[in-house]
Amino acid sequence: MKLQVAMDVLTVEDALSLARQVSPYVDILELGTPLIKSEGLRAISAVKAQYPDKTVFADLKTADAGELEADMAFKAGADLVTVLGTAGNSTIAGAVKAARAHNKGVVVDLIGVPDKAARAREVRELGVEFVEMHAGLDEQAEEGFTFKTLLDQGAEARVPFSVAGGVKADSIKAVQRAGAVVAVAGSSIYSADDPAAAAKALRAAIGD
């Protein structure tokens, strides 16, 4: 299972600083949606230039104009981009078309999708690399939410999936047991007193 860091910072400088600390321990560098909204495509280019051997994940959360937005990100250096699972199939298919033209990939973020397992199977048929079982901060705060729900939905989907939204050192083995191909850690890394140590602990928990 791969480890992805969600860099939900607001400047390129902060992203590069965080990446310097955690890159030895992570496989995928995710440029969070707030960073891309704040800094634009230059954030993608800057991170890819510094870390050409890392998978650079642009969390666009595209909801429309899938081919256009994906093409822009891939040209800027992204290896993977996200499209919302609530978007229409034509939007997802457009992003996949751009990905194939660049030999890159599309991930469908299932944040806000009620039946994540069913939608995961649908979008997989459109040619996406994997889906993200994602609970945002607001959803995590809702009554009745549990992290186990995400893991159960991922296992039920029976397609390649990642998990984002509450991944920590004490939960990452459960993510692995559920069959995820990627564990996405955000605040448990970037909000830690020592982000490098936090990333190293997550990597150690995953094992080889």
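Predicted model: local features only at pLDDT ≥ 70, side-chain atom pairs only at ≥ 80, totals over all residues.
Three bridges tie strand β5 (residues 105-109) to β6, and the two strands run parallel.

**How the strands pair**

- Strands of a sheet pair through backbone hydrogen bonds, and they can do so in a parallel or an antiparallel way.
- V108, for its part, stands opposite V131 of β6.

**Strand β6, covered on both sides**

- β6 is mostly covered, with five of its five residues buried.
- On one side you'll find F130, E132 and H134, on the other V131 and M133, and all of them are buried.

**A closer look at H134**

- H134 is part of strand β6, which spans residues 130-134.
- Why does H134 count as buried? Its relative accessibility is 13%, and the cut-off for buried is under 20%.
- The side chain of H134 makes a polar contact with the side chain of D109, at 3.0 Å.
- If you skip the neighbours within four places in sequence, H134 is in contact with K61, D109, L110, I111, K116, E139, L150 and A164.

**Helix α3 and what it packs against**

- Helix α3 covers residues 41-50, and its buried residues are A43, I44, A46, V47 and K48.
- What do those buried residues pack against? Their partners are the strands β1 (2-7), β2 (28-31) and β3 (55-62), plus the helices α1 (12-22), α2 (33-39) and α4 (66-76).
- Q50 also lies in α3, but Q50 counts as exposed because its relative accessibility is 52%, and the exposed label starts at over 50%.
- Q50 and I172 are 122 residues apart in sequence, and their C-alpha atoms are 28 Å apart in space.

**Helices α1 and α3 side by side**

- Two packed helices are described by the angle between their axes and the distance between those axes.
- For α1 and α3, the angle is about 30° and the axes are 10 Å apart.
- α1 and α3 are therefore roughly parallel to each other, since angles under 35 degrees get that label.
- The crossing of this pair, α1 and α3, is right-handed.
- On the α1 side, the contact is made by V12, E13 and L16, while α3 brings R42, A43, A46, V47 and Q50.

**Helices α4 and α5**

- How far apart are the axes of α4 and α5 (residues 89-102)? They are 7 Å apart, and the packing angle is about 30°.
- That makes α4 and α5 roughly parallel to each other, too.
- α4 passes α5 in a right-handed crossing.
- From α4, the residues making the contact are G66, E67, A70, D71, F74 and K75.
- From α5, the contact residues are T91, G94, A95, K97, A98, A99 and H102.

Definitions and conventions
Residues numbered from 1 in each chain as written. Heavy atoms only, no water. Buried < 20%, exposed > 50% of the residue type's maximum accessible area, 1.4 Å probe, protein only. Helix = DSSP H or I, 4+ residues; strand = E, 2+ residues; numbered from the N terminus. Contact = heavy atoms within 4.5 Å. Polar contact = N/O pair within 3.5 Å; in protein donor to acceptor, adjacent residues only side chain to side chain. Pairing = 2+ DSSP bridges. Axes fitted to C-alpha atoms, helices over the stretch in contact; angles between N-to-C directions. Parallel < 35°, antiparallel > 145°, perpendicular 65-115°, else oblique. Left-handed = near helix turned anticlockwise from the far one by under 90°.
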